[in-house]
Amino acid sequence: MSIIVMLSAFSTVTAVADQKTDLRDKHVRTYIIKGNDAYNKGDYKSAEGYYKQALTENPKSAAANFNLALTLMRIGGNNANTDNPEDKSNPTNLAVDYFNTVTASGDSILAQKAYYNMGNIAFGREDYQESINMYKEALRRNSDDNNARQNLRVAQLKLREQQQNKDNQQNQQNQQNQQDQNQDQNENQKNQNPDQQPPKDNNDKQNKDQQPDQGDKPDEKPQSPPKQQNGGSSPEQGNQQQSISKSNADKILEAMDKKEALTRKKVEQNKEREKARQATSISGNPW
């Protein structure tokens, strides 16, 4: 008899717990519906409040966490850039925390969307390696997501471009450092030997003594070398002038080619930026 009473009491406790769970879930769903309505009207501040109330009822609700993260992205700006991802005053940074809660919830559909949006956030920060990682996680959960695949390709191209720019800047810095070092060495050598002059030729005095006395021949003057006319007084000198002109022409053509290549590169970069801007939009509607 006592066993029957105990079983009956346990059943009553379970029923009460189920009722509380059902009531809690009902409240969560009510707040989410209100939040969705405000979100769709563009009233993101009100939506944020409703979703937070839902999380007060159930902090592990995947839908409430996902919806709140989307709302914070709207408030903070889709690609809000910040030098400090740990700064939680930035709504976009805070959104990442809620997306991470979604990925740990076990809801594979919302987890895939959360990874995709975290990839967009990382892309907006120009953290292309992180965005690549997030897009790959999204594709692992839904290999048919063409948007994630396209964004992954764009992020890979941007990462390659970013690394090339860093390498070029490092090379330029190394060259500048080497030039500065050479200049310092030359300055040090000058400072160490300020009075040192080039050695004079011992034959200077002898040559001077052997020169004829110009005072005896006042009409004689040193002869100047012949003046050059029209590119030189000999065929060899004329050919040298032509060679210099051709070299200058080659340099001009090379500069024009580089300028044209740079223009083409800028056009392609602008196309990639526009493609990336369109691709990295907020994904998904509130649930």
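Helix 3 and helix 4 have axes that come within 8 Å of each other and cross at roughly 160 degrees. An angle over 145 degrees counts as roughly antiparallel. That makes helix 3 roughly antiparallel to helix 4. The crossing of helix 3 past helix 4 is left-handed. Keep in mind that this is a predicted model.

Which residues of helix 3 and helix 4 meet? On the helix 3 side they are Ala 62, Asn 65, Phe 66, Leu 68, Ala 69, Leu 70, Leu 72, Met 73, Ile 75 and Gly 76. On the helix 4 side they are Pro 91, Thr 92, Leu 94, Ala 95, Tyr 98, Phe 99, Thr 101 and Val 102. Sorted by class, this contact has 14 nonpolar residues, 4 polar ones and no charged ones.

Now follow Phe 99. Leave out residues up to four places away in sequence, and Phe 99 touches Phe 66, Ala 69, Leu 70, Met 73, Ala 114, Asn 117, Met 118 and Ile 121. Phe 99 also stands out in the largest nonpolar core, which has 39 residues. Ile 32 and Phe 99 are the residues with the most contacts inside that core. Helices 1 (2–40), 2 (44–57), 3 (62–76), 4 (91–103), 5, 6 and 7 each give two or more residues to the core. Which helix gives the most? Helix 3 does, with 9 residues.

Step back to the whole chain. There are 9 helices and 0 strands. From the N terminus on, the elements run α-α-α-α-α-α-α-α-α. The chain has 287 residues, and 24% of them are buried. Take the contacts with a separation of 6 or more: 59% of them join residues 24 or more positions apart. One pair of residues shows such a separation along the chain. Ser 46 and Thr 71 are 25 residues apart along the chain, and their C-alpha atoms are separated by 9.7 Å. Ser 46 lies in helix 2. Its relative accessibility is 31%, so Ser 46 counts as partly exposed.

Next comes a second pair of helices. The axes of helix 6 (residues 128–141) and helix 7 (residues 146–192) come within 9 Å and cross at roughly 160 degrees. Helix 6 is therefore roughly antiparallel to helix 7. Here too the handedness can be stated: helix 6 passes helix 7 in a left-handed crossing. Helix 6 brings Tyr 128, Gln 129, Ser 131, Ile 132, Tyr 135, Lys 136, Ala 138 and Leu 139 to the contact. Helix 7 brings Ala 148, Arg 149, Asn 151, Leu 152, Ala 155, Gln 156, Lys 158, Leu 159 and Gln 162. By class, this contact has 9 nonpolar, 5 polar and 3 charged residues.

Gln 112 has its place in helix 5 (residues 108–124). Is Gln 112 buried or exposed? Its relative accessible area is 6%, so Gln 112 is buried. Set aside its neighbours within four places in sequence, and Gln 112 is in contact with Ala 138, Arg 141, Asn 142 and Asp 145.

Finish at the loop between helix 5 and helix 6, where Glu 126 lies. The phi angle of Glu 126 is near 65 degrees, a positive value in a residue other than glycine. Glu 126 has 47% relative accessibility, so it counts as partly exposed.

Note on methods. Residues are numbered from 1 along each chain as its sequence is written. This is a predicted model: local features need pLDDT of at least 70, side-chain atom pairs count only at pLDDT 80 or more; totals for chains, interfaces and linings use all residues. Side-chain values use heavy atoms; hydrogens and water are left out. Axes are lines fitted to C-alpha atoms, for helices over the stretch in contact, and angles run from 0 to 180 degrees between N-to-C directions. Helices (H or I, at least four residues) and strands (E, at least two) are DSSP runs, numbered from the N terminus. Angles under 35 degrees count as roughly parallel, over 145 as roughly antiparallel, 65 to 115 as roughly perpendicular and the rest as oblique. A crossing is left-handed if the near helix is turned anticlockwise from the far one by less than a right angle, and right-handed if clockwise. Contact means heavy atoms within 4.5 Å. Ala, Val, Leu, Ile, Met, Phe, Trp, Tyr, Cys and Pro count as nonpolar, Asp, Glu, Lys and Arg as charged, and the others, Gly among them, as polar. Buried means under 20% relative accessible area, exposed over 50%, partly exposed in between (1.4 Å probe, protein chains only). A nonpolar core is a set of buried Ala, Val, Leu, Ile, Met, Phe, Trp, Tyr and Cys residues joined through side-chain atoms within 4.5 Å.
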